[in-house]
Amino acid sequence: MEIKNLIFDFGKVLVDYDFMPVLHRYFKENREEEAEFCKFFINQDFIDACDREEIPFRDIIENAKRDNPRFAGALQFFYDNYADFVIGEMPGMRDMLIWLKNQGYKLYGLTNWCSAVHEVMERYGIFGLLDGTVISSEEHLLKPEPEIYRCVCERFGLKPEECLFTDDKPVNVEGAKAIGMNAVVFTDAVTYASDLRRFIRESQDKKGEDRG
């Protein structure tokens, strides 16, 4: 089946992020307190809760402040400066998406991210190249849950076998494969281009075999 649709994770694929420079601005030289904050809030459970957003992101932060008054100031700073965690577009990816769009591919985004992602999307032009997005906080679903991959397909009328999904986390790549998508782990733009060429070649070979 021909690859027609390319689906991209956001963080570490389209844009890069790093929590620590922003947290350093708040904690300054108090690295011990910073480490304690990270133990509670820069971990998968808390980030997943923010990304699923079963209650609004603001309320998640307010609840965390109430339950952890020691870190109330840091949590407010985390919330107020959230978009600063993104430090730029991933090298080569804007040019890559422009080229792919000119080749006729449809480009989509599928991300685990809280609703503050919209401020990030306003800052970086690469997101304007996408034909559509599915954001976890709007669906209250997270990769690698199968429902979120199906959501992309249903919303935009895509056949899984005609999609190539990429994500920096292998578990999310496996989630895409489980519902019938082609998928690769993202490392950098050059490697992604090589992976895409491989999938195109394999689909063309398969088409030739079917005709034969």
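Pro144 lies in the loop between helix 8 (136-139) and helix 9 (146-156). Helices (H or I, at least four residues) and strands (E, at least two) are DSSP runs, numbered from the N terminus. A cis peptide bond joins Lys143 and Pro144, with omega at about 10°. The model is predicted: local features need pLDDT of at least 70, side-chain atom pairs count only at pLDDT 80 or more, and totals for chains, interfaces and linings use all residues. Residues are numbered from 1 along each chain as its sequence is written, and side-chain values use heavy atoms, with hydrogens and water left out.

His140 sits in the loop between helix 8 and helix 9. Its phi is near 60°, a positive value in a residue other than glycine. At 40% relative accessibility, His140 is partly exposed. Here buried means under 20% relative accessible area, exposed over 50%, and partly exposed in between (1.4 Å probe, protein chains only). Lys28 also has a positive phi as a residue other than glycine, near 55°. Lys28 is found in the loop between helix 1 (19-27) and helix 2 (31-41). Lys28 is exposed, at a relative accessible area of 54%.

Ser136 belongs to helix 8. Ser136 is buried, with a relative accessible area of 0%. Contacts are taken as heavy atoms within 4.5 Å. With neighbours within four places in sequence left aside, Ser136 is in contact with Asp51, Arg52, Thr111, Asn112, Trp113, Leu141, Leu142 and Ile148.

The protein chain has 11 helices and 7 strands. Its C-alpha trace spans about 70 × 30 × 25 Å along the principal axes. Of the 212 residues in the chain, 47% are buried. Among contacts between residues at least 6 apart in sequence, 66% join residues at least 24 apart.

The largest nonpolar core has 57 residues. A nonpolar core is a set of buried Ala, Val, Leu, Ile, Met, Phe, Trp, Tyr and Cys residues joined through side-chain atoms within 4.5 Å. Leu6, Phe8, Leu14, Met93, Leu97, Phe127 and Tyr192 touch the most other members of this largest core. Helix 11 (residues 189-211) supplies the largest share of this core, 5 residues. A second, separate core holds 18 residues, among them Leu110, Leu141, Ile148 and Ala183.

Two residues illustrate the contacts in more detail. Leaving aside neighbours within four places in sequence, Leu97 is in contact with Phe8, Leu14, Leu107, Ile126, Leu129 and Leu130. Leu196 is placed in helix 11. Leu196 is buried, at 4% relative accessible area. Under the same exclusion of neighbours within four places, Leu196 is in contact with Leu6, Leu100 and Leu164. Leu196 and Ile3 are 193 residues apart in sequence, yet their C-alpha atoms are 9.0 Å apart in space.

Two packed helices are described by the angle between their axes and the distance between the axes. Helix 3 (residues 44-52) and helix 4 (residues 57-67) pack at an angle of about 145°, and their axes are 8 Å apart. Axes are lines fitted to C-alpha atoms, for helices over the stretch in contact, and angles run from 0 to 180 degrees between N-to-C directions. The crossing of helix 3 past helix 4 is right-handed. A crossing is right-handed if the near helix is turned clockwise from the far one by less than a right angle, and left-handed if anticlockwise. Phe46, Ala49 and Cys50 in helix 3 meet Phe57, Ile60, Ile61 and Ala64 in helix 4. By class, this contact has 7 nonpolar, no polar and no charged residues. Ala, Val, Leu, Ile, Met, Phe, Trp, Tyr, Cys and Pro count as nonpolar, Asp, Glu, Lys and Arg as charged, and the others, Gly among them, as polar.

The structure holds 0 disulfides. A disulfide is a pair of cysteine sulfur atoms within 2.5 Å. The closest cysteine sulfur to that of Cys151 is in Cys153, 9.2 Å away, so the gap is too far for a bond. Cys151 is buried, with a relative accessible area of 11%. For Cys163, the closest cysteine sulfur is also in Cys153, at 4.8 Å, again too far for a bond. Cys163 is buried, with a relative accessible area of 0%.
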